[in-house]
Amino acid sequence: RKQGAIPPSYELYVDIPDHPGSIGQVTTLLGRHMINIRNLQILEIREDMQGVGVLRIAFRTLEDMEQAIKVLEDNGYKVFQRE
């Protein structure tokens with residue numbers, strides 16, 4: 001089966017507290033579970049959510065993304081996917 005010009009994107013969004021070490025905690029947690037991150041983006045803090053930042057995390061495979069969702073939610077993170 002041929003792939004299109006744009007590869008599939010497996011992305012999720014994670015709310016994280018806006019304090020030192022938050023990004024490291026998320027990436028370390030995923031690394032401990034051998035989940036490879038393809039891309040990571042820090043999004044601007046939303047005005048309606050003081051003290052909370054958002055990470056956009058991209059994965060190479062659907063399986064990695066699904067495993068990441070489970071690991072993050074099991075550890076108390078709010079995870080969102082774009083519909």
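A residue counts as buried when its relative accessible area is under 20%, as exposed when it is over 50%, and as partly exposed in between (1.4 Å probe, protein chains only). The structure is a predicted model, in which local features need pLDDT of at least 70 and side-chain atom pairs count only at pLDDT 80 or more, while totals for chains, interfaces and linings use all residues. Residues are numbered from 1 along each chain as its sequence is written, and side-chain values use heavy atoms, with hydrogens and water left out. Helices (H or I, at least four residues) and strands (E, at least two) are DSSP runs, numbered from the N terminus.

**Helix H1**

- The buried residues of helix H1 (residues 22-32) include Ser 22, Val 26, Leu 29 and Leu 30.
- These residues lie on the same side of H1, because they cover an arc of only 95° around the axis; the arc is that of the directions from the helix axis to the C-beta atoms.
- S1, S3 and H2 are among the elements that cover the buried residues of H1.

**Nonpolar core**

- A nonpolar core is a set of buried Ala, Val, Leu, Ile, Met, Phe, Trp, Tyr and Cys residues joined through side-chain atoms within 4.5 Å.
- The largest such core has 17 residues, and Leu 12 and Leu 72 touch the most other members.
- S1, H1, S3 and H2 are the elements that give two or more residues to this core.
- H2 provides the largest share, five residues.
- Leaving aside residues up to four places away in sequence, Leu 72 touches Leu 12, Val 14, Val 26, Leu 29, Leu 30, Tyr 77 and Val 79, where contact means heavy atoms within 4.5 Å.

**Salt bridges**

- The whole structure holds two salt bridges, each being a side-chain nitrogen of Lys or Arg within 4 Å of a carboxyl oxygen of Asp or Glu.
- Arg 56 counts as buried because its relative accessibility is 12%, and Glu 11, at 25%, counts as partly exposed.
- Another salt bridge joins Asp 74 and Lys 70, at 2.8 Å from N to O.
- Both Asp 74 and Lys 70 lie in helix H2 (residues 62-74), four residues apart, about one turn of the helix.
- Asp 74 counts as exposed at 55% relative accessibility, and Lys 70 counts as exposed at 51%.
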